[in-house]
Amino acid sequence: MSIAPVKVPRELLAVQQTVLEEYVRNRLLQFIRGFGTRVLQLAPDLHPTLLDRAVRDVLEVLPQPDYGLVPVDMLELQLVFRHDCLALGCNEPQCVLCQHNSQRRCAVNFCKKYLVNDRMVARCGAGIRVEVVDRANGKVFDGELPDVFLELFILDGAQYDQRFLGETGRALLAAGGEGADAELEACTLLHNNKGAPLITSLTGCRADEQGRLLLQTQGGRLVLPDVTVTDSSEALLSGRKPPFRLVARAKHSDGRRLRIRHAVSEPFVVATRRVRASHKVEIPNMDDAVSKLDHMGRETVRKLADLGSAASQAGLSLGLEPELLRIEKVGEFKALALRAEADGHLRQQLQALLKLPKDKWEEAAEHAKRAVVPDSRMRAWYADISTLELGLLFPCRLGLVDLKRPEALLQRTAEKVEVVVQMRQSPMQRDVVRQLLPQAEASWWAPGHVGWTIFPAETDSFEASSRLAALPAFDLPAALGGPDAAFHFSAADCDTPDMDMAAPLDPAAAAAAGAAAAAAAVAGGSYSPGLDAAAVGESVEPRRRRAAADRAAPGLRDSAAAAAATDAFSAPAHQEQQQPSAAAAVGQLQSLSLDTLPASLQAAVAEGAAAAAAAGEAEAAAQLEAAPCGQQQQQQQQHVMGPQHVLPLPSAGQLQD
């Protein structure tokens, strides 16, 4: 549906656009209500929702009126501060994907606190820009503003609040005029205590003789040119943490009045650079130093580090548990604050001891309660949440997802999810990853993170395991990240015994099977694709007993593993009889650490080679001569990395089915 705009008569151009648009909108609504009532009277069988939909569809495509070439001084515009937030965490309190992310999206454009000569950027680090907005529709005005420039200057925040935040002040701002300009000038701060301009730009943009920065508009948007403040707010203003505000105001080169309302920033404090070491964070981590909390000065931190001694010197008996007498981390202070909530007398004692009034104690306690725990669980995204056929797996550390570097491609086969890491992907699979990546990133930024879920694997463990051995298939409930989800490694897909792992993936356990398989490849020249069902069951059942034996006699572990590997891979003729020994070797090798893993792997390979030589050097040499050198190298690499269980990508027809 295409509707041509209606040209505004010349006689109405002198009327303010907002007033004219509001009048026309009210007349339209009046007509729609009367028209709808009459239509339903004439056609009672017509469903009201159809009428509502028709009206809504027409209103959505209704074009803006054509004002033609309007003089710049007649434009009804508004300046606003905006930025594109870089923080990955959303602000939804119930979002499980972001609940442990300390970097949440900004609710305002300016930080609460800057240091002298700091660049004025958003809390997330993004640059702040000024936009020219049409007051009639709220959209960015992309027309030309000839001979119009912007002024940037600082206001006394407390004075501005007093003059403009009340009902009288809001009415004065809405009306504009010389009265509003005079009140704004009364709040203006142009110079610091040394007589230098209070606001400067690191890029060297020009300023007027009074110190206001002058900026040229560019298509309705203008990024702040590295603006800095040259003095602290406490040095210029009285009171506790007095705030500044930044103003952007439009001016015409010939001095004519404009109907472009100015933009005023949120209040912020500017402090001296001496306090940069005591920088506070909005959402701390549980392991952060307690000094990162609000109102935690040097003396308060010193007392918290030894509450017992501090209380003894003050003649107080706190009656705290031993673990609460030494507070050095945010998490420890959180536990102390929760303990004090349940004991009013203890809270009063702590406030007196730490010299924190009630309001400061409550602010510090609330700050500690916002602390997040370390979260390195991986995040998965699925292209189609109804089928879960294809997806991407992303690393995550401290709740921060790396959207630019997916770790693996996820493919669903029956009730399992295949994890295809990058180094094992075919060219077709790599191309699919490149196509899916922009979709995954767009879905993350969309409300609700559509298609995203928590994948129950720790990032560091996953990365280490994917380098050392092949990754098995995951049961579908575990891959969906449910509350009761646990990994299930299948022996049919990976040459290791079945293991249910609620804990993070163990790199040594994943590599142990690779060590035994490498020994088999070198020693016997042939490879069994997996243990049979009986051997698997036999290896799973005594797993706990073997673990207990390993803990009881750790000194025998290496020798037992070497002996089991030697027996398991002695000769092809005895391979079927020795499979239980191989399973036992795998179970014992799983307890190795990453520090001892390379030496153990080499020892297993050497022992396997020696056993093969003892069984018959001539037979082994004949088998090696029969196999091409390239094929032998590929086979050994496959055994070390694990079996190839990467499936081709499903076609479009298969996905539709």
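Hi everyone, this is a short walk through one predicted protein model, from the whole chain down to single pairs of side chains.

A word on the ground rules before we look. Residues are numbered from 1 along each chain as its sequence is written, and side-chain values use heavy atoms, with hydrogens and water left out. Because the model is predicted, local features need pLDDT of at least 70 and side-chain atom pairs count only at pLDDT 80 or more, while totals for chains, interfaces and linings use all residues.

Let's start with the whole chain. It has 22 helices and 23 strands; helices (H or I, at least four residues) and strands (E, at least two) are DSSP runs, numbered from the N terminus. Of the 657 residues, 42% are buried. Buried means under 20% relative accessible area, exposed means over 50%, and partly exposed is in between, with a 1.4 Å probe and protein chains only. The accessible surface comes to about 34,700 Å², and 54% of that belongs to carbon and sulfur atoms. Those areas come from the Shrake-Rupley method with a 1.4 Å probe, and for residues only the protein chains shown count as cover. Now take contacts, meaning heavy atoms within 4.5 Å: among those between residues at least 6 apart in sequence, 69% join residues at least 24 apart.

Next, please find helix H1, residues 17–42. H1 has 26 residues and reaches 37 Å from its first C-alpha to its last, close to the 38 Å expected at 1.5 Å a residue. That expected span is 1.5 Å times one less than the number of residues. Which residues of H1 are buried? They are Gln 17, Leu 20, Glu 21 and Gly 36, and they pack against H2 and strand S3 (129–134).

The patch is formed by Ile 3, Tyr 23, Val 24, Leu 28, Val 58, Leu 59, Val 61 and Leu 62, with about 610 Å² of accessible area together. Patches are made of residues with over 30% relative accessible area and no salt bridge; like charges are joined within 9 Å, and nonpolar side chains (Val, Leu, Ile, Met, Phe, Trp, Tyr) within 5 Å. One member, Val 58, lies in H2 and counts as partly exposed at 34% relative accessibility.

On to the strands. Two strands pair if DSSP finds at least two bridges between them. S1 (residues 77–82) and S11 pair in the parallel sense over two bridges, and Leu 77 has Ile 260 as its bridge partner in S11.

Elsewhere, look at strand S14, residues 377–382, which pairs with S20 in the antiparallel sense over five bridges. Ala 380 stands opposite Thr 453 in S20, and Trp 381 stands opposite Trp 452. S14 also runs antiparallel to strand S15 (residues 390–394), joined by four bridges, with Tyr 382 opposite Gly 391. Is S14 enclosed or open? Five of its six residues are buried, so S14 is largely enclosed by the rest of the structure. S20 (residues 452–458) is mostly covered, with five of seven residues buried.

Last stop: salt bridges. Here a salt bridge is a side-chain nitrogen of Lys or Arg within 4 Å of a carboxyl oxygen of Asp or Glu, and the count comes to 31. One of them joins Glu 76 and Arg 259, at 3.2 Å, N to O. Glu 76 sits in the loop between H2 and S1 and Arg 259 in the loop between S10 (244–252) and S11, so the pair ties together parts 183 residues apart in sequence. Glu 76 is buried, at 2% relative accessible area, whereas Arg 259 is partly exposed, at 25%.

Another salt bridge links Arg 397 and Asp 460, whose closest N and O atoms are 2.9 Å apart. Arg 397 is in strand S16 (residues 396–397) and Asp 460 in helix H13 (residues 459–468), 63 residues apart. Salt bridges that share partners join Arg 397, Asp 402, Arg 405, Glu 407, Asp 460 and Glu 463 into one network.
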